[in-house]
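Dear colleague,

I am handing over the structure that I mentioned, together with some notes on what came out of it. Please read the notes with the model open beside them.

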Amino acid sequence: MSDLRSKFLEVYSVLKSELLNDPAFEFTDDSRQWVERMLDYNVPGGKLNRGLSVVDSYKLLKQGKGLTNDETFLACSLGWCIEWLQAYFLVLDDIMDNSHTRRGQPCWFRLPKVGMIAANDGIILRNHISRILKNHFKGTPYYVDLVDLFNEVEFQTAHGQMIDLITTLVGEKDLSKYSLSLHRRIVQYKTAYYSFYLPVACALLMSGENLDNHVDVKNVLIEMGTYFQVQDDYLDCFGDPEVIGKIGTDIEDFKCSWLVVKVLELCNEEQKKTLYENYGKEDPACVAKIKELYNTLKLQDIYLEYESKSYEKITKSIEAHPSKEVQAVLKSFLAKIYMRQK
């Protein structure tokens with residue numbers, strides 16, 4: 001895996017160099033330095049799971065046959081397109097949420113001299129994806145499908161973000177809007193398509209598959225993405241900050257979290273009053289009251305039951321798939337997230 005990771009990072013350097021010397025724009029030294037610094041700060045800093053998943057999935061679809069250097073480079077390039085997409089979303093997301101830190105360092109827009117230039121940097125990051133696809137995939141039979149896939153997933157993610165933003169409008173905190181179906185819609189569109197479906201769809205296209213024939217694969221991956229986000233919501237409250245690497249703030253941030261939606265389903269009138277009075281407040285005493293409510297309603301047990309049922313349902317869907325290679329891809333995704341602690 002570390003070997004794949006180092007190969008993957010080598011491809012980043014190649015792609016970055018191409019973009020910094022793109023003949024469609026006449027770079028000055030200042031502009032080239034700006035873009036390079038912006039890329040290094042925002043693109044390769046995460047866990048790289050989405051990008052590496054493209055390479056892993058493609059290998060499994062090839063039935064474990066070794067990849068040629070060209071195939072490895074192309075699979076890594078598609079993986080980086082997803083990491084670029086992620087960077088684009090996060091740079092703009094941090095501005096919208098007025099966040100302070102990302103991946104253990106200040107958000108890009110918080111840096112001296114960056115500020116709102118970050119909004120344009122986000123647009124540049126998105127444009128880079130089109131350039132990478134054009135440079136390396138234009139001659140392939142699946143080029144148009146790839147462009148279409150990235151456009152569609154971006155459309156879905158942006159609309160998922162919109163639902164999330166308009167549901168948590170500052171000054172209009174209204175818990176009565178929150179429901180399991182709203183939570184699912186936000187998660188499906190904001191996270192599941194680009195984090196789970198997109199890497200596998202890229203690998204399928206590289207393998208010469210038609211995505212229209214794999215709607216069932218999409219459905220399983222969306223289900224997995226939903227399960228992943230419920231885990232995230234659970235860990236935000238009950239995870240160990242030492243392990244997950246951050247202190248959860250979903251309660252303070254008035255998030256439409258799976259936990260709060262469950263409380264709304266289960267609570268009596270008195271508990272509902274406690275919830276309405278304390279959810280979405282910075283005061284540690286209010287946060288403690290919400291956590292106490294979560295414990296009273298045994299949300300940890302309810303989550304564990306949800307986890308085991310989801311795992312069972314997803315596994316059954318995977319095993320119903322006729323292709324052993326596709327099953328292997330889906331099972332490898334599920335294994336990475338099942339019962340995770342961070």
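The notes below go from the chain as a whole to a helix pair and then to some individual residues.

This is a predicted model, in which local features need pLDDT of at least 70 and side-chain atom pairs count only at pLDDT 80 or more, while totals for chains, interfaces and linings use all residues. Residues are numbered from 1 along each chain as its sequence is written, and side-chain values use heavy atoms, with hydrogens and water left out.

**The chain as a whole**

The secondary structure of the protein chain comes to 14 helices and 2 strands, where helices (H or I, at least four residues) and strands (E, at least two) are DSSP runs numbered from the N terminus. For 342 residues a compact globule would have a radius of gyration near 20 Å, and the 21 Å of the protein chain agrees with that; the radius is taken over C-alpha atoms, and the globule rule is 2.2 Å times the number of residues to the power 0.38. Along the principal axes, the C-alpha atoms fill a box of roughly 65 × 55 × 35 Å.

Buried residues make up 51% of the 342 residues, with buried meaning under 20% relative accessible area, exposed over 50%, and partly exposed in between (1.4 Å probe, protein chains only). The protein chain exposes about 17100 Å², of which carbon and sulfur atoms supply 52%; these areas come from the Shrake-Rupley method with a 1.4 Å probe, and for residues only the protein chains shown count as cover. Of the contacts (heavy atoms within 4.5 Å) between residues at least 6 apart in sequence, 77% join residues at least 24 apart.

**Helices H11 and H12**

Helix H11 (residues 269-278) packs against helix H12 (residues 284-296) at an angle of about 150°, and their axes are 9 Å apart. Here the axes are lines fitted to C-alpha atoms, for helices over the stretch in contact, and angles run from 0 to 180 degrees between N-to-C directions. On the H11 side the contact is made by Gln271, Thr274, Leu275 and Asn278, and on the H12 side by Cys286, Lys289, Ile290, Leu293 and Thr296.

Leaving aside neighbours within four places in sequence, Leu175 is in contact with Phe254, Val260, Leu264, Leu275, Tyr276 and Tyr279, and Leu175 counts as buried because its relative accessibility is 3%.

**Two residues with positive phi**

Most residues other than glycine have a negative phi. Leu48, in the loop between helix H2 (29-42) and helix H3 (49-61), has a positive phi of about 65° although it is not a glycine, and at 2% relative accessibility Leu48 counts as buried. Lys113, in the loop between strand E2 (105-106) and helix H5 (117-137), has a positive phi near 75°, and at 77% relative accessibility Lys113 counts as exposed.

**Tyr142**

Tyr142 is placed in the loop between H5 and H6, and at 10% relative accessibility Tyr142 counts as buried.
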